[in-house]
Amino acid sequence: MFSVSSKVPSLRSCLSLANQVRFCSSQLPKLFDGEGKVLKPEKSLNYYSIFGLEKSFSVDILELSQTYKQLQRQLHPDKFSQADDEEKDVSAEWSALVNDGYKILQKPLPRALYLLELVGFPLEEEGIDIDPEFLGEVMELNEEVAEAGANEIKLLAEDVKTKLNEYVDFVEVLFANGEFEKAREQVAHMKYYANVLDKIFEKETEFGMY
């Protein structure tokens, strides 16, 4: 069986900050005016500021979830049942931003891709030189997934999840150190492995493993 062997650089060799970047709560955006009427979202808002977060790859998922639920309660449609159409539209705009932001920020890969855009290093695959040896390993891994039985697919899933966790740890350090070009390269690798994991999930569904 194929072994996931491509190496993610050591965290110890890359960590240069005294403290790793952490979740940081700041003031949440103002949703309502003094009369309780919902305010239109400012164009300068991004998904991080909606949840009161600094722009960081490291996010406290539990606190993110709690803030999401708090915002959902404040923006629940029942609260606007007597509002005029304009206010209903604004509340729906807020709800869409909150829901989309939560989907992006709660998972490492979408969060990394979004953060790269915010810091001016968007992942454009035609601008990334992927190591041919890495691409060969991914191709071989995809072939293994296609041919794997139930027992093999379970082992492959464990290997790929471990590899993705290693990338998450390394990318976190790169973002914290402001090494955005290197972060973009590693996020590109993450994306390949995430695609492999999606194919593994499809196989597991075929085998009735859920």
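Helices here are DSSP runs of H or I with at least four residues, numbered from the N terminus. This is a predicted model, where local features need pLDDT of at least 70, side-chain atom pairs count only at pLDDT 80 or more, and totals for chains, interfaces and linings use all residues. Residues are numbered from 1 along each chain as its sequence is written, and side-chain values use heavy atoms, with hydrogens and water left out.

Next I checked helix 8 itself, residues 180–206. Its 27 residues should span 39 Å at 1.5 Å a residue, and the end C-alpha atoms are 39 Å apart, so the two agree. The expected span is 1.5 Å times one less than the number of residues.

Then I looked up rings. Phe, Tyr and Trp (its six-membered ring) pair if their centres lie within 6.5 Å; planes under 30 degrees apart are stacked, over 60 edge-to-face, the rest tilted. I get 10 aromatic pairs by this rule. Tyr 48 and Tyr 114 are stacked, because their centres are 6.1 Å apart and their planes at 20°. Tyr 48 is in helix 2 (residues 47–50) and Tyr 114 in helix 5 (residues 108–118), 66 residues apart. Both tyrosines are buried (under 20% relative accessible area; exposed is over 50%, partly exposed in between; 1.4 Å probe, protein chains only).

Phe 121 and Phe 180 make a tilted pair, 5.7 Å centre to centre with 45° between planes. Phe 121 at 26% relative accessibility is partly exposed, and so is Phe 180 at 22%.

Methods. Helices (H or I, at least four residues) and strands (E, at least two) are DSSP runs, numbered from the N terminus.
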